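Subject: Structure handover, with notes on side-chain pairs

Hello,

Below is the structure you are taking over. My notes on its salt bridges and aromatic pairs follow it.

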Amino acid sequence: MTYYRPTYETKNNLIKEEELAQYAAFKWNCEMRKQDKYNQFDYVALNKGRVRAFVELRCRNNNYAQYPTCFITANKLSGAHAMHQATGLKILFLVGWKDKTGVANLVKQYPISIGGRTDRGDKADMEAVAEIPISEFTIL
């Protein structure tokens, strides 16, 4: 039996992510190109037609300082390290909070714990996560 994990991406999520990507494009003076839904990272940052970074995006519904960390799946962190090893490119985690926008380097080691969401009744939402201290984020 094959298990297909549902995706929870909504049109509103995609609109918020695109707005965040365009803000980053402006700040970084680059083009942000959306990747396929099943790609490892959400966007690539391009400059003069060349990929300069892979970018994972997250739009949060809380203020920057509300929690001491922002988590990303350990699997995504592993993928970041592998992609950096393969390409030498930056792997960035771009987060839009309600009051700030920040970026962290995913090619680092962070504490690992079990975390995720419990509000959807999906057991797969709880998994190993890397907890990135908000102090690691550079505010744009």
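A salt bridge here is a side-chain nitrogen of Lys or Arg within 4 Å of a carboxyl oxygen of Asp or Glu. By that criterion the structure holds four salt bridges.

Two remarks on the source. This is a predicted model, in which local features need pLDDT of at least 70 and side-chain atom pairs count only at pLDDT 80 or more, while totals for chains, interfaces and linings use all residues. Residues are numbered from 1 along each chain as its sequence is written, and side-chain values use heavy atoms, with hydrogens and water left out.

Salt bridges

Side chains of opposite charge can pair when their charged atoms come close. Helices (H or I, at least four residues) and strands (E, at least two) are DSSP runs, numbered from the N terminus. Strand β3 itself covers residues 50–59.

Glu-56 counts as buried because its relative accessibility is 7%. Not counting residues up to four places away in sequence, Glu-56 touches Gln-40, Phe-41, Asp-42, Ile-72, Lys-76, Leu-92, Phe-93, Leu-94 and Leu-106; a contact means heavy atoms within 4.5 Å.

Lys-108 and Glu-136 form another bridge, with the closest N and O atoms 2.7 Å apart. Lys-108 is in the loop between β6 (101–105) and β7 (112–116), and Glu-136 is in the loop between β8 (126–133) and β9 (138–139), so the pair joins parts that are 28 residues apart in sequence. Lys-108 is partly exposed at 32% relative accessible area, and Glu-136 is partly exposed at 31% relative accessibility.

Glu-31 also forms a salt bridge, with Arg-33, at 3.0 Å between the closest N and O atoms. Glu-31 is partly exposed at 39%, as is Arg-33 at 44%.

Aromatic pairs

A pair of aromatic rings is described by the distance of the centres and the angle of the planes. Rings of Phe, Tyr and Trp (its six-membered ring) pair if their centres lie within 6.5 Å; planes under 30 degrees apart count as stacked, over 60 as edge-to-face and the rest as tilted. The whole structure has four aromatic pairs.

Among them is Phe-41 with Phe-54: the ring centres are 5.9 Å apart and the planes stand at 50 degrees, so the pair is tilted. This pair links distant parts of the chain, with Phe-41 in the loop between β1 (31–34) and β2 (43–47) and Phe-54 in strand β3, 13 residues apart. Phe-41 is buried at 2% relative accessibility, and Phe-54 is buried at 13%.

Trp-97 and Phe-137 have ring centres 5.1 Å apart and planes at 80 degrees, so they are edge-to-face. Trp-97 is in the loop between β5 (90–96) and β6, and Phe-137 in the loop between β8 and β9, 40 residues apart. Trp-97 is buried at 7% relative accessibility, and Phe-137 is buried at 5% relative accessible area. Ring pairs link Trp-97 and Phe-137 with Tyr-64 and Phe-93 into a cluster.

Regards

Notes
Buried means under 20% relative accessible area, exposed over 50%, partly exposed in between (1.4 Å probe, protein chains only).
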